[in-house]
Amino acid sequence: MNFRPRSIGARIAFSYVAVLLCAMVIFMTSTAVVLYLQMRNQLGHYAVQDIETVEGLLSFAPGGSLVVNENYHNHPESKRVLDRYLEIVGMDGRILYRNQHLGVLALGGVPLPTEGAGGYSEHSTVLGDGTRVRMVSRRHTLDGRPLLLRLAYSEEPIYTAVKELLAAAALIFPLMIAVAGVVGLRMSRRTLEPVQQITRQAERITSRNLHERIPVSHTGDELDHLAEVFNQTMGRLEHSFQQLRQFTADASHELRTPLAAIRSIGEVGLQQDGSRDDYRELVGSMLEEVSRLSRLVDDLLMIARADAGAIQLRRSSTELIALTRDTIALLEPLADEKRQVLLLTTEGPVRIDADPSILRQAIINVLHNAIKYSPPGSPISIRIGRDASIAIEDTGPGIPLEHANRIFDRFYRIDSGRSRDAGGFGLGLSIARWAVQAHGGEISVSGNTFRITFPQPLIAS
Ligand code: ADP
């Protein structure tokens, strides 16, 4: 049977109790064994001492019978004298003496050749009445006659002591296990309380309560860390939701402007009787707004796909100068309209590992801004460095320092009136930043110069 509680707290408490139980059983078993061995040694020790004493008390009576002067009853050790079993036999096994305590029982039969030879031999044996004893044998010579002395003590007190110890353990252990189980369960529940809190919090998460946080105990333990990580995750989620809400609000706002324009142009057209040319002009204005609208939708779609990670870069070895020339060629008609000159300076060919269509989008957006926001007839310089950097500088108003960081945010415009007139939605630079960062590069602005850098060029060709 595999007993596995579902709650982690109960599992910890259960393991704790199981380990404790094993430890207690091992401890009690070894204690009982050590106790038994020590007490048995002690008995052997007494028996050896007693044999030495008995040796001095032996004598043969004039009739040839063996006499043991055991008249010890006033001696402090008399209790032990009464308890001991004493048997003295001849080497042929003939019983020469048995003390009163032993009576008709025997400690052994005919001496074995090694029994008591050359010192003391000690072992446990069982008497005829079932009493377990610890016996010591020793050979002795009295008046030239060899004898074998056997002296034993009952081992029963040892077994009684061990049984009492085990009985006490059997009484106390279940109590200790029960207390350990209850305390362990409480402790593990209390320890895991932060996990419960996180679970409850996670269950309640909706977009409306992302600002809520779970309390952090600052104990520095793993659960504290878990709570912090959870709170940080909530923080990031909250920030993302906030950005999403802002983005949706900004996008709706931007969509509303051209839609309102189309609607009012249409309404004006319906209200007045005009010539064919008037209507052509109205439809032209409407189409202008529609193309503005579709550019916005294109940008939004691109951002949505980029956010969703749906745009896969198709990287290849891309030559920066050629790519920039293509872009310049694309935008030249717009610059020509404003009589602006696009000047390209290079230090030599540079190749990077990039997706040319995505990278072109970034350069177009920055260069288009330079054309849009700098005065007619002004020069625009484009410099490509051998370190795979592109610097685009115009002579327009530039970006004031306080806007330099936010300029790349979505829908951020310094002067929204001017920007809208120029046809912008505040999305171009955010798309450019995404495109550059997708290639591991960075884009920054300082005054009139936008600078795009890439981590490292492929070997300059
Ligand atoms: P937009 O489509 O409005 O141009 P961008 O994200 O491309 O949006 O640019 C954000 C804002 O940064 C613009 O509205 C404009 O105010 C400012 N800006 C960008 N490029 C230039 C520039 N070369 N000179 C001056 N201002 C610029």
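Mentor: Happy to! One term to begin with: a residue is buried when its relative accessible area is under 20%, exposed when over 50%, and partly exposed in between. Keep in mind that this is a predicted model.

Trainee: Is Tyr 153 buried or exposed?

Mentor: Tyr 153 lies in strand 7 (residues 145-154). Its relative accessible area is 5%. The cut-off is under 20%, so Tyr 153 counts as buried.

Trainee: What kind of pair do the rings of Tyr 46 and Tyr 153 form?

Mentor: A search of the whole structure finds four aromatic pairs, and the rings of Tyr 46 and Tyr 153 make one of them, with centres 6.5 Å apart. The pair links distant parts of the chain, since Tyr 46 is in helix 1 (residues 8-55), 107 residues from Tyr 153. Planes over 60 degrees apart count as edge-to-face; here they are at 70°, so the pair is edge-to-face.

Trainee: And what about the rings of Phe 247 and Phe 411?

Mentor: Phe 247 is in helix 5 (residues 222-271), while Phe 411 is in the loop between strand 12 (389-393) and helix 9 (416-421). Both are buried. Their centres are 5.6 Å apart and their planes at 45°, so the pair is tilted.

Trainee: Which ring does the charged end of Arg 132 sit over?

Mentor: The distance from the charged end to the ring centre is 3.8 Å. The ring is that of Tyr 159.

Trainee: How much accessible area does the nonpolar patch of Leu 175, Val 179, Val 183 and Met 187 have together?

Mentor: Leu 175 is in helix 3 (residues 156-191), and at 60% relative accessibility it counts as exposed. Together the four residues of this surface patch have about 400 Å².

Conventions
Residues are numbered from 1 along each chain as its sequence is written. This is a predicted model: local features need pLDDT of at least 70, side-chain atom pairs count only at pLDDT 80 or more; totals for chains, interfaces and linings use all residues. Side-chain values use heavy atoms; hydrogens and water are left out. Patches are made of residues with over 30% relative accessible area and no salt bridge: like charges are joined within 9 Å, nonpolar side chains (Val, Leu, Ile, Met, Phe, Trp, Tyr) within 5 Å. Accessible areas come from the Shrake-Rupley method with a 1.4 Å probe; for residues, only the protein chains shown count as cover. A salt bridge is a side-chain nitrogen of Lys or Arg within 4 Å of a carboxyl oxygen of Asp or Glu. Helices (H or I, at least four residues) and strands (E, at least two) are DSSP runs, numbered from the N terminus. Buried means under 20% relative accessible area, exposed over 50%, partly exposed in between (1.4 Å probe, protein chains only). Rings of Phe, Tyr and Trp (its six-membered ring) pair if their centres lie within 6.5 Å; planes under 30 degrees apart count as stacked, over 60 as edge-to-face and the rest as tilted. A charge sits over a ring if NZ of Lys or CZ of Arg is within 6 Å of the ring centre and within 35 degrees of the ring normal.
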